Amino acid sequence: MSISYSEASRIFKLDTDNTTYMIGISPEGYAGHIYYGKKIGHFCGAGMLRCNEIPGPSVLKREKGGFQASFPYEYPTGGVGDYRVSCLDVSNEKGQNGCELCYDHYEISDGKPSLEGLPASFDKEKDGDVQTLKLFMKDPVLDLEVVLQYSTFNRENIITRSVILNNKGDHDLSINRVLSACIDMDNRQYEMISLHGGWARERHISRRTLAYGQQAVHSTRGVSSPQEHPFIALVTPGTNQEQGEVYAMNFVYSGNFVAEADLSQNSAVRMVMGIDPYDFCWKLNCGCSFTAPEVVMTYSHEGLGQMTGNLHDFYRAHLIRSPYESENRPILINNWEGTYFDFNADKLYKIAKDAHDSGIEMFVMDDGWFGHRDNDGCGLGDWYVNESKLQGSLKSLVDRIKALGMKFGIWVEPEMISPDSDLYRAHPDWALEIESRDPLQSRAQLVLDLSRKEIRDTVMDMICGVLHSADIDYVKWDMNRYLSDIGSVSVDSGHQGELYHRYVLGLYEMQERLVTEFPNLLLENCSSGGARFDAGMLYYSPQIWTSDDTDAIERLRIQEGTEMLYPMSTMGAHISKCPNEQVGRMTPFETRANVALAGTFGYELVISKLSDDERNMIPKQVERYHKYHSLIANGNYYRIHSWDDDEPFDCWVNTAKDKSESLLTYVQVLGRPNEVSRRVHLSGLDPVARYKLEEIVGGPSTDNPGDRNVDAPSLSRPEAVEELKEIWFGDELMNVGFLIPPLGDFRSRLYHYVKT
Ligand code: GLA
């Protein structure tokens, strides 16, 4: 049993293999947080809940204000005296805001319930590793039942949380704020880690010391956004990859979110996560329920590396449903950066043919194949094939490319409508808009009102019709603007505050239909690059386009932040042309390949425009992807070094779960004069096993004989060939490490070690 309850101490104890989470019920019936941290084997439980400072029930009545201000609520509510950040604000029919929850009863069961209409983790194995606790809380004044759900995933050391509200009374209620999780922690010093960015520089790691007051990251853009990410971790000062305590929360949701830490007057920290309350007001009519999305929590006392490992294992085993999750994905070539809108069937065929000759396995036709879409100012919503541009039917193009032995993929952007489209001309009220106000156009497009079923169905009927018309293996589902003008003609004033969330629910329903109707389809989500790269979308698609920035050096930070949470197989990563479209940088073809190898690998260029040298490198890169991808996708990931101004190199390691092999990737961002070798180390090996260096890929003078570093001192030469014959013990490689010579700007290497 990983979840237990002691009636004597009124304590719930939730265990995973290495962690314990404890909830206590106070004498007054409040549910309070006691502990989250290293596993507790035995416990008596006396006096553990921080409410004993309050002398007794009669005094408590008088002193309730003081009690409220410091009690570590498991799920704090607003309006009745706790002035810290709350999780739940509910108003009654008169519009008065106030809610107070007391414990009623509990249920413990095996497995993990699904969440209606929402992506959520699951228990596929059903081998007793996952259990769920439901705490039934009640506000008798509102006749509101609040079910706090906790599921423990032993092996991965994860606890998930979600909340269900049931209006049991005969009055309608309004939910003004409903978050999904809270940890009310004791007074400690913490730093807060979050992921920050913008378009083409998503998910850069940011770290700050927690100060008094509320500090939050959030999105009100209708998507999880590249600006902030639905993730925070509180860490003890000095925490690094291997040491320090980490409390992390990650949201399984793709719309507005808030993740917040509130350091209050007693120096206690409250950490919360949920849907951002901005423009949120959900009418909870009598007899109705509302389900708040899931939060994934993990604790590590062995630094950020363990947090990452827990999350990777959890998402692979319990969130990504796609049959492709553990498979090597086909190496794709996408025509976007190669042609933009300027293509016809012959041009696409030529790109596909050249790609196929180099070993690439799937051709993806990007934006511009439908309606009259010859630029980004029109056509969204007209999901019928432009047969004059494609010089025939979609099927004829698909069949032609498939005859090469390639798979075929297609781009769609189902959530949008161009004012210049047949769909808009037929249904001018289908876009989100506020009466009498010109809706904001972004990339000349408006957002469809996905809260309306007839709109969702019409769009999906069109898109599914196209997909049924030819043998399509892959879909790239794009979404290229944020939401604004949140108004719908179909709901009354009492329900407008539901639109942001109803939009996300509508999106989930559409993607559910897609993956159900086409069970073998490989779906890749995308949103102006990686604006909606989140755990919610991973429930539908096993890979997401990480960023529109395909520059190998920019990608280092983007991929590092992304892979801190998500398995590497989820990151779409492509080689594109140079100078790079986003930053104009020139990087070696080989480094572009080595960096893209960390994700789901592909190309975004026209092969005939490459130099002969570059073109000749592609078959080897294809081979390497097949050789290493399973190790990268299914093994353990270790971050060895993040590049900074003082040490401008990046380094990570992928080691097989059975410790049989390990691949180290090293990228030298900048070279420096008089540089000496850098020592790096492997991780996750068997300390007493022997490992042989089986392959070194890259660096100057291996692939590029004319490289300028050839004339540098011998120190900067790559390892001599005889080194490949040497053998080391695992602990040598992990502790002493090995030396990598200076490589020069933007140069990279892979080192592959295999257990002998
Ligand atoms: C977005 C995507 C790109 C491409 C274009 C097409 O920007 O991120 O990869 O698909 O849309 O319009």
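This is a predicted model: local features need pLDDT of at least 70, side-chain atom pairs count only at pLDDT 80 or more; totals for chains, interfaces and linings use all residues.
**Entry 1: P579 and its loop**

I began with P579, which sits in the loop between β28 and α12; helices here are DSSP runs of H or I with at least four residues, strands are runs of E with at least two, and both are numbered from the N terminus. The peptide bond joining C578 and P579 is cis, with omega at about -5 degrees.

Residues are numbered from 1 along each chain as its sequence is written, and side-chain values use heavy atoms, with hydrogens and water left out.

Next I looked up a salt bridge between E581 and K577, where the closest N and O atoms are 3.5 Å apart. My cut-off for a salt bridge is a side-chain nitrogen of Lys or Arg within 4 Å of a carboxyl oxygen of Asp or Glu. Are E581 and K577 buried, exposed or partly exposed? E581 counts as partly exposed at 35% relative accessibility, and K577 is partly exposed too, with a relative accessible area of 30%. For these words I use under 20% relative accessible area for buried, over 50% for exposed and in between for partly exposed (1.4 Å probe, protein chains only).

**Entry 2: R585, D551 and helix α12**

I then followed R585, which forms a salt bridge with D551; their closest N and O atoms lie 2.5 Å apart. This pair links distant parts of the chain, 34 residues apart: R585 is in the loop between β28 (571-576) and α12 (589-596), and D551 is in the loop between β27 (543-545) and α11 (552-563). R585 is partly exposed at 23% relative accessibility, whereas D551 is buried at 1%.

How many of the eight residues of α12 are buried? I found eight of the eight, so α12 is largely enclosed by the rest of the structure. Among the buried residues of α12 are the charged-type side chains E590 and R592, along with F589 and V595.

**Entry 3: the ligand**

Which distances did I note to oxygen atoms of the ligand? A polar side-chain atom of D367 lies 2.6 Å from one, an N or O atom in the side chain of R443 is 2.9 Å from one, and a polar side-chain atom of N480 is 3.1 Å from one. On its own the ligand has 300 Å² of accessible area, and the protein covers 95% of that. Accessible areas come from the Shrake-Rupley method with a 1.4 Å probe.

D82, R84, D184 and R270 are linked in a network of them.

In helix α3 (residues 303-318), D313 and R316 are three residues apart, which separates them by about one helical turn. They form a salt bridge with closest N and O atoms 2.9 Å apart. D313 is partly exposed at 25% relative accessibility, while R316 is buried at 9%. I also checked D313 against L142: the two are 171 residues apart along the chain, and their C-alpha atoms are separated by 41 Å.

**Entry 4: cysteines and backbone**

How many disulfides does a search of the whole structure find? It finds zero, a disulfide being a pair of cysteine sulfur atoms within 2.5 Å. For C378, the nearest cysteine sulfur is that of C526, 19 Å away. C378 is buried at 9% relative accessibility, and C651 is buried at 0%.

R10, in the loop between β1 (3-6) and β2 (11-15), has phi of about 55 degrees. S267, in the loop between β16 (257-263) and β17 (269-274), has phi of about 65 degrees. R10 is partly exposed at 28% relative accessibility, and S267 is partly exposed at 21%.

Note on methods
A polar contact is a pair of N or O atoms within 3.5 Å; within protein, one must be able to donate a hydrogen and the other to accept it, and residues adjacent in sequence count only if both atoms are side-chain atoms.
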